[in-house]
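Please open the structure in a viewer and keep the selection panel at hand. The stops below say what to select next and what is to be found there.

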Amino acid sequence: MRKVMRMIPSLVVVDDSPVAVLTPEVRTAAVPDVASKNRPEMPQTLEGCVVAVIDSDSPGQSESYFAKALIRELREEFAVAEVVWVKKANRTRPPEASVWQDVIERADVGISMYGGCGTCSSRTMRDAIELQWAGIPSVAISHEDMRGAVESMRRISKADTPYVEVNRPTSASGAWTESETDAVVRRILPSVVAELTSGRAPVRKTA
Amino acid sequence: VTIDLGSPVHRYQDSRGFVEDAFNQGWADGLPVMPPTVDGVRAILEQLGLAPDSVLGDIPSQDITVTAEQAVVNAVMAGCRPEQMSLALGAVRAFLAPNANAHGVIGSVVSPAFMVLVNGPARATLGINCGAGCFGPGTRANAAVGHALRLVIRNCCNAVPGLADRAVFSQPARYSFCFGEDEEASDWVPLHVERGFGTDENVVTVSSFIEMHALRDVESVAPEVLLTQLALVARHRPIDTDHVLGADRTAVFVIGPEHRTLLVRAGWTKEDVRAYLYPRLTAPPTYVDEQGRPFGWGSGPEGGVAESTWALPDPKGVLLATAGGAGLGLSFVFYPHWSASVSERF
């Protein structure tokens, strides 16, 4: 028989007594009082508005094509006055403070996009939330696979800022062709605009 | 003076009741935890001379501020002894530094783990393993300190699967990954000294990594051959440009004893190793497609090896440490997420 060369755990008797322990859970810092800011006043339509597009990243292989397609549609179909396109330096972080301030001073409404991964989706959601806190009606765009991350950020931030989902069959961060991207943008844009405006239905220049 | 603690208190009939409830409450990560008693936590804070509400750092994207009390509570749960608390809290401070990008590494689908690398004289007194088996189980200090950081991340930073933690697979190193540099094994300049700290200072360096990859080389006899192999292996996957970190971008190499011996015997310092590696890590890829993108590691379209791109702007971003036990020629490279290695005194 093989000999055991070292002690193995054996049974123990514990003379235990009551214990008082401290909770290890998070103590979140004070979140801004957002009750009055979560739903800033929205324009009736986007016509003549300055739209901020906070661009975390575009999906697939076409760098920024998603953002470009979105901006093109906004200009051509919804007669926006100006688009302030902010291409973030890092998808997991907010824009630079000076850029952010410029956006807040100029924009009438905000769109943050695109949440196709864990950190970029949560940060994309947070970008929209922080724009709302600054009084700018905003919406985030993310993929349905990232719904958990987006919802988590809304819970953490105690915010009800809206988001619009891109759904299958286009994968969250896979290779999208330009025609696929165009189709996605055209499909979601009415919902995006509806979340930014108080009109009953988004107004397109062309049907 | 008795210090006032801010955390809610829970009472249990015995410690087993707490351990079971910790799982029910979601305070444990799957491993059993120790009870953070009121008296024990208070005594540790007094020993450290820290007010309970001392801020160790924050995560602005999530409105999170982590205090000394919270960190000590979780470090006790992880099994840290009182003398290991200073190290554990140093790791928490490093993790929460802006360049560590806590929000990014917690929420990533690729699920980075966190290397806690210890330098300085305290390695010996705290019982940090720097030698054989140092990456894995077997040493209380390594396991407890790494686990302490994990519990802080879980309990204080919303990093619960299904909440802020969005890992597709996650990885085992997320339970605990702490080791020390084997400073005494050679005359190489320790990592913390290369990063500007004093030889006698105790420093913890935290690095998030999405993957670790080994070079197993028992045949090379010349430093140039060994390090060429190491650079080639390292470039099996890319390091992407991080415009926020810029020159602060880092990648960690841990050189094993056999490789270290080869290099030291040939008279190579860490600076020599870095100077040889850096251009080979960052040279433009041999093969790119029509859009200028590298093919990625593997066979090139015309034979040979295609390398990934390493966007590491500064040679100082090549962090070199040495650790591990004898027996095989192994060294490791750790690929960073959107974060830099951060070093903190403890």
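**Helices 3 and 7 of chain B**

Helix 3 of chain B passes helix 7 of chain B in a right-handed crossing; a crossing is right-handed if the near helix is turned clockwise from the far one by less than a right angle, and left-handed if anticlockwise. Helices (H or I, at least four residues) and strands (E, at least two) are DSSP runs, numbered from the N terminus. The model is predicted: local features need pLDDT of at least 70 and side-chain atom pairs pLDDT 80 or more, whereas totals for chains, interfaces and linings use all residues. Residues are numbered from 1 along each chain as its sequence is written, chains are lettered from A and ligands numbered from 1 in the order in which they are written, and side-chain values use heavy atoms, with hydrogens and water left out.

Select residues 68-78 of chain B for helix 3 and residues 140-156 for helix 7; they pack at an angle of about 130°, with axes 8 Å apart. Axes are lines fitted to C-alpha atoms, for helices over the stretch in contact, and angles run from 0 to 180 degrees between N-to-C directions. Helix 3 and helix 7 of chain B are therefore oblique to each other, since angles under 35 degrees count as roughly parallel, over 145 as roughly antiparallel, 65 to 115 as roughly perpendicular and the rest as oblique.

Next, display the side chains. Residues of helix 3 of chain B, including B:Gln70, B:Asn74 and B:Met77, meet residues of helix 7 of chain B, including B:His147, B:Leu151 and B:Cys156 (contact means heavy atoms within 4.5 Å). The residues of this contact between helix 3 and helix 7 of chain B divide into nine nonpolar, four polar and no charged. Here Ala, Val, Leu, Ile, Met, Phe, Trp, Tyr, Cys and Pro count as nonpolar, Asp, Glu, Lys and Arg as charged, and the others, Gly among them, as polar.

**Helices 9 and 11 of chain B**

Move to residues 223-234 (helix 9) and 270-282 (helix 11) of chain B, which pack at an angle of about 40° with their axes 9 Å apart. Helix 9 of chain B and helix 11 of chain B are therefore oblique to each other, and their crossing is right-handed. The contact of helix 9 with helix 11 of chain B comprises eight nonpolar, one polar and two charged residues.

**A loop residue of chain B**

Select B:Thr199, in the loop between helix 8 (191-194) and strand 6 (203-216) of chain B. Which residues does B:Thr199 contact, leaving aside its neighbours within four places in sequence? They are B:Pro121, B:His192 and B:Val193.

**The interface and chain A**

Now show both chains: 37 residues of chain A are in contact with 54 residues of chain B. Chain A and chain B bury about 3700 Å² between them, 56% of it on carbon and sulfur atoms; buried area is the accessible area (1.4 Å probe) that two parts lose on being put together, summed over both. The chains share one salt bridge, a side-chain nitrogen of Lys or Arg within 4 Å of a carboxyl oxygen of Asp or Glu. Select B:Asp63 and A:Arg126, whose side chains meet in a salt bridge at 2.8 Å, N to O.

A:Arg126 also belongs to the residues of helix 3 of chain A that meet helix 4 of chain A. These helices, residues 118-133 and 147-157, pack at an angle of about 40°, with their axes 8 Å apart. That makes helix 3 of chain A oblique to helix 4 of chain A.

Within chain A, the side chains of A:Arg168 and A:Asp145 meet in a salt bridge (3.0 Å, N to O).

**Backbone details of chain A**

Finish with the backbone. The peptide bond from A:Met113 to A:Tyr114 is cis, with omega near 0°, and A:Tyr114 lies in strand 4 (residues 109-115) of chain A. In the loop between helix 4 and strand 6 of chain A, select A:Lys158, whose phi is near 55°, a positive value in a residue other than glycine.
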